[in-house]
Amino acid sequence: MESYDISKIHRPFEKNKNPIFKHTYRIEFKPEANVDSLISELSKLNFVEYVEKIPTDYSYFDPNDPKENDGSLWFLNKVKAYQAWDITQGSGNVIVAVVDDAVYTNHEDIIDNLWTNPNEIAGNGIDDDANGYIDDINGADVADHDSNTNPPTSLVSTTVFSHGSHCAGIAGGVTNNGKGIASIGSHIKIMAVKASRDAASTPGIIEYGWEGIQYAVSKGAKIVSLSWGNTTNSQTYQNLVNSYEAQGVLIVAAAGNAGIETPLYPAAYNYVVGVGATDESDYKASYSNYGTWVDIMAPGSNIMGILCTGPTNYSARSGTSMATPMVASLAALIKSYNPALTPAEIRTCLYNSADKIDALNPNYIGKMGAGRINALEAIVDALPSACITPYNLNVTSITATSAQLNWSGTANSTYTLQVREVGAASWNSYSVSTTSYTFTASSCKNYEFRVMANCGTNGSSPYSATLNFSSNATGPQNYCKQPIPDSSFGWLQNVQFAGINNTSGDNDGYNNALCSIGTATIGSTYPVTLTPGFGTYSYNEYWRVYIDYNQDGDFADANELAYESGTSSTTAVNGNITIPSTALVGNTRMRVMMKWFGTGDMTMPEPCVAFNYGEVEDYTLTIGGTCGTPTTLSSNTITSTGATLTWAAVTGASSYTIQYKPSSATTWLSATATTNSKALTALTAATTYDFKVMATCSSGASAYSSTANFTTAAATATCGTPTTLSSSSITSTGATLAWAAVTGASSYTIQYKPSSATTWLSATATTNSKALTALTAATAYNFKVMATCSSGASAYSSTANFTTAAATATCGTPTTLSSSSITSTGATLAWAAVTGASSYTIQYKPSSATTWLSATATTNSKALTALTAATTYNFKVMATCSSGASAYSSTANFTTAAATATCGTPTTLSSSSITSTGATTLGLP
């Protein structure tokens with residue numbers, strides 16, 4: 001045990017009734033121990049069956065949909081949807097068309113994800129977008145040629161006209177809305193397309209499927225889900241698929257449920273993603289078709305979806321019909337993450353990322369496509385060269401003072417980590433070069449963190465979703481875990497002691513209340529009140545309170561049973577606890593135990609010992625001595641390797657204990673002093689240190705002081721650092737840099753870069769100046785210099801900067817723009833002639849337009865014609881010389897005259913000779 005620094009061995013699952021867990025042990029040891037060596041040694045023991053590392057479990061985005069929480073949506077974990085949602089949760093700009101027998105649009109868990117036709121006004125009875133369908137708001141019924149995609153009311157059942165609704169729920173059920181199910185696409189939109197006639201003689205026949213696809217494509221769907229087909233190959237339909245592929249539309253289709261190898265169409269058409277089905281164990285579902293024409297597999301057995309029989313009805317079904325909308329939903333998630341992807345690129349992401357399941361299905365190798373879909377890997381594959389948002393956030397090694405924050409991300413990225421206390425207004429930011437960071441925490445705090453990837457020329461990702469974690473209480477941690485009793489009949493309702501007043505209710509047998517902290521002083525007495533809670537009936541309860549006074553990680557010492565009730569009762573108990581003189585100053589643990597005490601079980605509750613009924617709670621108790629706590633901490637005489645620490649002297653103190661550490665470290669170093677100062681040595685240069693002080697008096701030790709800090713100086717360079725950086729002779733492509741010569745320097749290294757760049761360029765010089773060439777015009781540059789002497793190199797200097805001149809124009813830019821001879825349809829434009837110009841290019845446009853019109857001239861004027869009356873125009877001019885073209889001039893403007901009327905309008909109208917059937921009307925000029 002000493003070789004591996006083992007701190008604890010226990011049975012974590014002994015309450016499990018299976019005998020195997022009585023011999024299953026968890027071994028805990030220090031992180032620096034050689035884990036692989038320990039496993040190797042234990043494996044050699046003849047009484048050890050196996051040894052393994054405990055897997056690390058991660059926290060992912062966890063939607064609140066009830067059927068996700070009750071395990072009905074088992075497939076989400078199988079395809080790693082949770083991890084994919086850490087990267088993206090789908091966009092409402094991506095539309096999946098479900099072309100099927102009908103789609104029930106009033107269901108609670110799809111209505112918010114329904115596509116809305118932007119070119120149609122609901123309920124006005126007009127075909128606003130002139131596509132042949134009146135009020136096709138969420139889709140259309142292409143079979144009956146109307147806008148009602150719902151099943152016919154008289155035929156609604158769980159089996160008739162219900163297929164499409166179930167598929168639509170799988171493709172686009174609203175995720176994280178507190179209702180029903182969740183879909184991989186999460187927030188994508190569903191276009192409902194009904195392709196079966198209400199009066200069909202055989203419900204379930206998709207008579208107008210291809211017309212449905214045509215409608216979907218015309219209204220902007222980029223992914224089409226088809227859970228139907230037959231064994232007949234049609235060249236016409238292949239031609240349609242080809243045309244849709246060219247229009248950027250991906251079609252996903254079911255492989256069929258006959259358990260045969262015969263191709264089913266449209267799944268077997270070129271460009272169509274043909275989908276087979278797997279079960280919960282990744283075996284090919286017995287009903288699923290297979291063959292070389294199948295492209296990919298997806299879970300299809302026992303898949304929860306919506307029913308068309310009511311807005312809150314759900315049911316599970318099986319089939320490649322269920323697997324298909326799942327793949328379509330993932331394709332939509334991929335398209336959401338990278339809208340620029342073509343259908344071919346989406347297919348590549350789906351296929352390259354699939355999990356191989358050949359080993360589980362040796363009889364179908366090569367006949368299940370690329371494998372079973374993996375949503376996480378598909379999303380990561382969607383932007384292999386871009387900067388991917390960090391994902392898989394998790395926290396390990398949480399203590400009272402630190403926590404290791406971990407995530408996954410793009411290779412060769414750096415990261416910006418942000419951490420804050422929950423509820424704080426601002427974030428603390430850290431630059432991190434790996435995918436983990438040890439965060440220095442304060443005890444009993446709730447934190448949240450998020451991460452952004454920085455990918456150089458590929459820019460930066462958005463910040464990830466946040467993940468919350470809580471730091472532990474200070475004090476000893478390695479206490480035995482109390483076996484958990486049954487608290488359903490009675491529980492520990494309230495604890496009051498030394499400033500603790502915690503009402504917790506039923507916590508299923510155990511409550512970690514370590515962040516409820518009491519404060520007590522050695523030699524003082526404090527009242528304790530313990531209150532039970534009950535359901536229907538009250539029961540006799542016996543109480544004990546244990547306090548680990550010597551902080552050795554157990555409650556076994558003679559005086560550590562701090563209180564017991566003496567008798568059992570159904571009401572609150574009261575007593576007193578006196579902190580003994582032998583108690584150590586600092587944080588320790590208090591364990592409160594309430595145990596049912598009655599016929600058949602009259603034993604006393606013991607720490608770490610199982611009992612049947614009651615509850616246990618752990619608290620933190622801060623014990624202080626009668627010795628004053630040091631204050632007014634300060635530091636002086638700070639060098640690169642040392643510092644002198646001081647504090648206000650404590651009356652009666654015989655000595656002081658100083659704890660200090662680098663701020664980024666988790667382990668404290670200790671030193672002692674007999675006066676109120678201490679000179680520390682062997683420190684690290686340019687490092688921030690924390691320190692705190694405890695006083696020791698004849699009556700005991702004080703608590704540690706609040707923490708103060710100081711920063712050591714930078715190490716002294718053995719070669720002077722260059723100073724007085726300057727720049728001269730600056731042109732558009734070059735500059736001469738200079739600096740004060742460093743005594744003893746044999747050479748200098750110059751680093752320079754555009755201010756907006758992240759990578760430095762380097763040059764060397766043997767004197768204190770350097771002429772740079774091949775620079776970019778009109779660009780701000782940073783530079784710094786390092787000297788090299790025989791004794792070594794200096795630090796780099798502070799950074800200086802300069803800006804290159806703009807490139808010299810080779811042809812003058814036209815000026816003095818004017819306009820004349822303006823009519824309703826024309827105007828003459830003029831400008832100052834440019835020396836050497838052989839021609840001019842004029843750009844002009846109405847001020848409200850975005851597109852420029854062009855004209856040319858060989859002199860410094862141009863007459864424009866065919867203009868629009870009463871319109872303001874902008875224009876600008878560029879000169880062309882033998883050496884090249886100038887920049888465009890500043891923009892000028894003019895307004896054309898109003899159009900002249902070409903015929904007078906009649907006036908002074910009158911009427912005469914009026915009879916019952918006629919009248920003479922005169923119009924006088």
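Visitor: Which residue does a disulfide join to Cys 811?

Guide: A disulfide joins Cys 811 to Cys 881, with an S to S distance of 1.9 Å; the term stands for a pair of cysteine sulfur atoms within 2.5 Å. This is a predicted model, in which local features need pLDDT of at least 70 and side-chain atom pairs count only at pLDDT 80 or more, while totals for chains, interfaces and linings use all residues. Residues are numbered from 1 along each chain as its sequence is written, and side-chain values use heavy atoms, with hydrogens and water left out.

The link of Cys 811 and Cys 881 is right-handed, with 55 degrees about the S-S bond. Cys 811 sits in the loop between β43 (800-803) and β44 (818-820) and Cys 881 in strand β49 (residues 872-881), so the pair links distant parts of the chain, 70 residues apart (strands are DSSP runs of E, at least two residues, numbered from the N terminus). Cys 811 and Cys 881 are both buried, where buried means under 20% relative accessible area, exposed over 50% and partly exposed in between, with a 1.4 Å probe and protein chains only.

The structure holds four disulfides. Another one is formed by Cys 719 and Cys 789, with sulfur atoms 1.8 Å apart. Its link is right-handed too, at 50 degrees about the S-S bond, and both Cys 719 and Cys 789 are buried.

Cys 167 is also buried, at 1%, but its sulfur is 12 Å from the closest cysteine sulfur, in Cys 308, which is too far for a bond.

Technical notes. Helices (H or I, at least four residues) and strands (E, at least two) are DSSP runs, numbered from the N terminus.
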